[in-house]
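This report looks at the spaces inside one protein model and at the helices around them. Please have the structure open while reading.

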Amino acid sequence: MSEKTATEIEQEVRDWWHTGIIDMEPGKIHYGGYAIEELIGNVSFPTMIWLMTRGELPTSGQARLLEAALVSAVDHGPQAPSIAIARMAATCGVGLNNAMASAVNVLGDVHGGAGEQAASLYHDIANRIDRGVVFEEAVSDGLDHQIAEHGKHVPGFGHRFHPVDPRAPRLLELVKIAAEDGHVSGRFGVIARGIEDELLKRKGKRIPMNIDGATAVIYAELGFAPELARGLFCLSRSVGILAHAWEQTSQGGRNKGPIPRRMIWSYTGPERRPVPEGAKTECNKA
């Protein structure tokens, strides 16, 4: 076997990591083929997010709709675990990046994952329709499958704090406008409304769409994979996390836990009791 040439070795090293996202050489930076100096000052941050995750530039209507979804989910106050954790971390004396990382790391399936789950539900129903199932049956079957696989909680619908989440109707209004202008199909908005109607039939009361369900409509309409819906939520919520971590840092305070000191937790363990003699070590006996 012949030894590799210097050129072949250099190419192997260059191909160790390969990416279609960024092309760079001394003095030149291109994202998806676009020079950074042409992007700076000419495109919005949501447009840049689209370019980085999709490889192409969005239309202005698509960028506006993406921006609306990102703006809508930046914060929900210290009652949200991620925000509370950011503030608690700040009182422990860590830097802003550590506080942000601590908060982002709890954006999981229960807190932060509902948008991804709702988008997956919408896609499942859309796939059933594409296979020829009539709309109402596709919605009902999709809900049944969701509940059988993941439990009775339907992601994207209902809210523990808001009777009607004030963010959702505005986002759905923007989806309707975008569909009328031809920027999106409007298909997933119709599917989400169909889920609301099916839940009304089953529950006897309307369970309105929440922020997760509404942003999932937008991300699905814009062609983002469900997994990216969670990533985009993390981007959005990071803004609120940063704001709260910075505010808490400015306010000061040391080691503020999740509840005020005077509000001690409920203890549910055994009654207070002495350590049995047989459990004590020889060292303690001495």
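## Cavities

The largest cavity has a volume of about 70 Å³, where a cavity is a set of points on a 1 Å grid over the protein atoms alone at which a 1.4 Å probe fits but cannot get out, and where a volume is the space filled by probe spheres set on the points, the grid points being joined across faces, edges and corners. This is a predicted model, in which local features need pLDDT of at least 70 and side-chain atom pairs count only at pLDDT 80 or more, while totals for chains, interfaces and linings use all residues. Residues are numbered from 1 along each chain as its sequence is written, and side-chain values use heavy atoms, with hydrogens and water left out.

The largest cavity is lined by A73, G112, G115, E116, D212, T215, A216, Y219, A229, R230 and F233, lining residues being those that have an atom within 4 Å of a point. Two or more of the lining residues come from each of α7, α11 and α12, and α11 gives the most, with 4 residues; helices here are DSSP runs (H or I, at least four residues), as are strands (E, at least two), numbered from the N terminus. By class, this lining has 5 nonpolar, 3 polar and 3 charged residues, where Ala, Val, Leu, Ile, Met, Phe, Trp, Tyr, Cys and Pro count as nonpolar, Asp, Glu, Lys and Arg as charged, and the others, Gly among them, as polar.

A search of the whole structure finds 2 cavities of 30 Å³ or more. The second largest cavity holds about 40 Å³ of space, and G20, I21, Y31, G32, L51, M52 and G55 line it, giving 4 nonpolar, 3 polar and no charged residues.

## The largest pocket

About 530 Å³ of space lies in the largest pocket, a pocket being an open set of points with protein on both sides within 12 Å along at least five of seven lines. Its lining consists of 22 residues, of which V110, H111, H159, R160 and D212 lie nearest the centre. The elements that give two or more residues to this lining are α7 (114-130), α11 (211-221) and α12, and by class the lining has 8 nonpolar, 9 polar and 5 charged residues.

G115 belongs to helix α7 and counts as buried because its relative accessibility is 10%. Leaving aside its neighbours within four places in sequence, G115 is in contact (heavy atoms within 4.5 Å) with D212, A216 and A229. G115 and V217 are 102 residues apart in sequence, yet 8.8 Å apart in space, C-alpha to C-alpha.

In helix α3 (residues 45-54), the buried residues are P46, T47, M48, I49, W50 and L51, and they pack against β2 (28-31), β3 (34-35), α2 (36-39), α4 (60-72) and α12. After α3 comes G55, whose phi is positive, near 85°.

Helix α5 (residues 81-91) packs with helix α12 (residues 226-251) at an angle of about 35°, with their axes 8 Å apart; axes are lines fitted to C-alpha atoms, for helices over the stretch in contact, and angles run from 0 to 180 degrees between N-to-C directions. On the α5 side the contact includes S82, I83 and A86, and on the α12 side it includes R237, G240 and I241. By class, this contact has 5 nonpolar, 7 polar and 3 charged residues.

## Two contrasting residues

Q146 is found in helix α8 (residues 135-150) and is buried, with a relative accessible area of 9%. Its contacts, apart from neighbours within four places in sequence, are L121, G151, H153 and P155.

K205 lies in the loop between α10 (187-203) and α11, and K205 is exposed, with a relative accessible area of 55%. Apart from neighbours within four places in sequence, K205 is in contact with L199 and L200.

Definitions and conventions: Buried means under 20% relative accessible area, exposed over 50%, partly exposed in between (1.4 Å probe, protein chains only).
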